[in-house]
Amino acid sequence: MGEVVYLGASRDVAESADFIDAAYDALEALPGFRARPGQRALSRAIFDSLVSSNPLAVEAPTGTGKTLAYLIAALAAQQARPDAEALPIVIATATVGLQHQIITGDLPKLVNAKLIGPHDAVIAKGRGRYFCSLSAERVIEGAKGSSQFDLFDGEANEAREILDTAQTMLGKFMSEEWNGDRDHWQGAPPTGPAWERLRASSDTCISRRCPFFESCAYFKDRARLANAKIVVANQDLVLSDLAMAAKPDQEPLFPTDKYLLVVDEAHNLPDKALEAGAAELELEGAQAALASMPAFATKLFRDPDLARLMNNRELHSSDFEPGPALVSLAKTAAAVRALEPSEEGGTVVRLGKNALPAELQRAVMEAAQHLGALESRLGRAMAALRTTNIVEKKPHLASTLSEVLYLGAFVGTRLREFNSAIKLFVQEGRTVRWLDHTATYARLHVSPLEGADVLRNLLWTSERCVPVLVSATLKTFGNFERFSARVGLPSNAKTYAADPIFDYRKSELVVVDLQKTPRYEDRAAWEQEVCQELPEFIHDSQATLVLFPSVTLMRKVVPVLRAKFGEAVLAQRELAFDRLIDAHKRRVDAGETSILCGLATMAEGLDLPGKYCEHVIIVALPFTVPTSPVERELQQELGDRYFYERAMPDCLTRLTQMVGRLIRREEDQGRITVFDPRLLRSGWGMKLLRALPPFRKRSAKPWDRRRKEPPALHVVGSGAPLKSTPETGGSHEHVPQDASSASR
């Protein structure tokens, strides 16, 4: 690509700010690139935040060029800060789609403009997306002598599938036909029990003690992070990194002391934080995991040299006896099952923020004590095993040490998870707790009420990163209040809203007025209507994106679409994400019909400009499931305010992201079709409709099959048919006055 010219290489802040103009000038010298209105100002606002270490929340609507804006700003800040040489940029996205877009679409522009080198940016993925050679070898070794598989035995067939997959993957990995990255596997990405058994995991990783360490796909990619100027990660990884960095006994995911952090698709951050702060303890599963502790102790103390090593640390075989912990977990499970479910016919016992029942409290505290003692002893043992040089003196112990470390890593990670869950469950705070039990399992659950409850401690008080939050949708109904509350923006944070640049009136949004709605009591009938009507609204001359609210509904509708459109229907989860998008583009480029069906991950960050997406179908409004214990607790806490203060704003954020898939460039135009008539039948629905970008908003009745007539279009709120001409349209301002809780 040629030599990289690091413009504004001086670390003077004023000179580094000039880097922004120089960078845009270099980009505009490239064929086909034109800076968007306000893009340079957006870069300067982000730059100012990063160099001053004051948090910033930025709303940059689709089309403002936010990705390049924050990349240029971060590169300028990287040069301006005194610790620039050791300060990488971490971009945290919420979806694989946006990661793919940044890596393949935005970063190459910076390379072509000689603003970064071709190897300055890397992608960071979770450990579970990589293949573990040691796990595959253990599966293969364990199957020796057990080659009989009964075709009528489900467990045996599963074991055969795992063995076959292990042999195939290990063979392709060792021959270098495959690099061990799940996303690079030829064909459908591996899933199910086989991948769960073969993927890399902190449960079983023994790091440098592993015989496959030098070839490990995960550690090879992790080593690249140390020299990267830009790391493209996801929000889950960043939150994990911050959590691990806060613990003295854990190594962070990113090999740096500090980094500049840009959180893209930041409207997802509160939900990601909520997941990071939640915990679950399956009591029978915990007992099963602890049952392997005696096997670990036996292997550890069987060898005299390892036994002496443990004795020197004042550890003995009896220290790893799990009996007391198993008894306390059994007592906890019995106390859980003694409680009646909160709803008839259900399995969930909602405790909310109330005190624990006395018997459960005693059992849980006892379990916490025993699990904590086991974790401490095992931690001391593993530290001794990982640091000993005994193998250098006695090479014959290498295999034994590897086996003990492998088993100890599994038990140790699980113990850490169990202890973390129990501590969260018993501690006081703004959390909600619930139980879940049947005849075969009993579980403890705990969750914060808002992502802000996690981010206040994890992000805003951390000295590890300087954060900027960016999204096309941070404001709801004209302000940042809801987002600020959800993430807990600190008092020194600022907000910035870029102006939209698209002419939305060139495109239309049509709401199909079905007879039924997705309300719980009507949902089955509504799904039947969707299956019947949705294919009729698809034009085979337009590239179409269909966004479903659930996997279940997508699996019902996709066969119906294939009955009419055949192989033109491409569904998420049937191919790896990048291959799915590539297949869609190939069909469109060849002039063929392409109907791309997907879930929430396609509703955000997916960039299909121009001919690649001319029609977006939104099957249902993206409301949060109101039956989860967290939402139930919030409903109880907020009362009548819940719907308008939480449910509606959050739905609007997701809905705005969905409609944002249609127009990606200034010249784009097309159609959005929504199959949720609640937008037409209530005041709150019309309020959501008005808050969306100013498309020509219309309603349509389903097709009249007897007369074989297509649906007539109407201006929303009008009774007269609307001719499909560019001159007519617009959003009608009438808001029905009969909105009620039943219409939700």
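The dialogue below sets values from this predicted model against the cut-offs behind the terms.

Student: How many aromatic pairs does the structure hold?

Tutor: The structure holds 16 aromatic pairs. One of them joins W178 and W185.

Student: Why is the pair of W178 and W185 called edge-to-face?

Tutor: Two rings pair if their centres lie within 6.5 Å, and planes over 60 degrees apart count as edge-to-face. The ring centres of W178 and W185 are 4.7 Å apart and the planes stand at 80 degrees, so the pair is edge-to-face. Both W178 and W185 are buried.

Student: What makes F623 and W684 an edge-to-face pair?

Tutor: For F623 and W684, the centres are 5.5 Å apart, which is within the limit of 6.5 Å. Their planes meet at 75 degrees, and the cut-off is over 60, so this pair is edge-to-face.

Student: Where in the chain do F623 and W684 lie?

Tutor: F623 is in the loop between β16 (615-618) and α23 (629-638), while W684 belongs to helix α26 (residues 683-691). The two residues are 61 residues apart, and the pair links distant parts of the chain.

Student: How do you know whether F623 is buried, partly exposed or exposed?

Tutor: Buried means under 20% relative accessible area, exposed means over 50%, and partly exposed lies in between. F623 has 21% relative accessibility, so F623 counts as partly exposed.

Student: Is W684 buried or exposed?

Tutor: W684 has a relative accessible area of 1%, which is under 20%, and W684 is therefore buried.

Student: How do you know that the span of helix α15 is close to the expected one?

Tutor: Helix α15 (residues 358-387) has 30 residues and reaches 44 Å from its first C-alpha to its last. The expected span at 1.5 Å a residue is 44 Å, and the helix is close to that value. Among the buried residues of α15 are L360, A363, V364, A367, L371, L374 and L378.

Student: What does the spacing of residues along a helix imply in general?

Tutor: An α-helix has 3.6 residues a turn, so residues three or four places apart point the same way.

Student: Which residues are closest to the centre of the largest cavity, and what is its volume?

Tutor: The largest cavity has a volume of about 160 Å³. Of the 18 residues in its lining, C132, C205, C210, C216 and F219 are the closest to its centre. The largest share of that lining, three residues, comes from α8. F219 also belongs to one aromatic cluster with Y130, F213 and Y218.

Student: Which classes of residue line the largest cavity?

Tutor: The lining has 13 nonpolar, four polar and one charged residues.

Student: What is the volume of the second largest pocket, and which residues are closest to its centre?

Tutor: About 1,800 Å³ of space lies in the second largest pocket. Its lining counts 50 residues, and those closest to its centre are P622, F623, T624, V625 and P626. Helix α24 gives the largest share of the lining, seven residues. By class, the lining has 24 nonpolar, 11 polar and 15 charged residues.

Student: What makes the phi of E265 worth a remark?

Tutor: Most residues other than glycine have a negative phi. E265 is a residue other than glycine, yet its phi is positive, near 50 degrees. E265 is found in the loop between β5 (259-263) and α10. At 3% relative accessibility, which is under 20%, E265 counts as buried.

Student: Why is S53 called partly exposed?

Tutor: The relative accessibility of S53 is 36%, between the limits of 20% and 50%, so S53 counts as partly exposed. S53 also has a positive phi, of about 60 degrees, although it is not a glycine.

Terms used
Residues numbered from 1 in each chain as written. Predicted model: local features only at pLDDT ≥ 70, side-chain atom pairs only at ≥ 80, totals over all residues. Heavy atoms only, no water. Phe/Tyr/Trp six-rings, centres within 6.5 Å; stacked < 30°, edge-to-face > 60°. Buried < 20%, exposed > 50% of the residue type's maximum accessible area, 1.4 Å probe, protein only. Helix = DSSP H or I, 4+ residues; strand = E, 2+ residues; numbered from the N terminus. Expected span 1.5 Å × (residues − 1). 1 Å grid on protein atoms, 1.4 Å probe; cavity = no way out; pocket = protein on both sides within 12 Å on 5 of 7 lines; lining within 4 Å. Points joined across faces, edges and corners; volume = space filled by probe spheres on them. Nonpolar A, V, L, I, M, F, W, Y, C, P; charged D, E, K, R; others polar.
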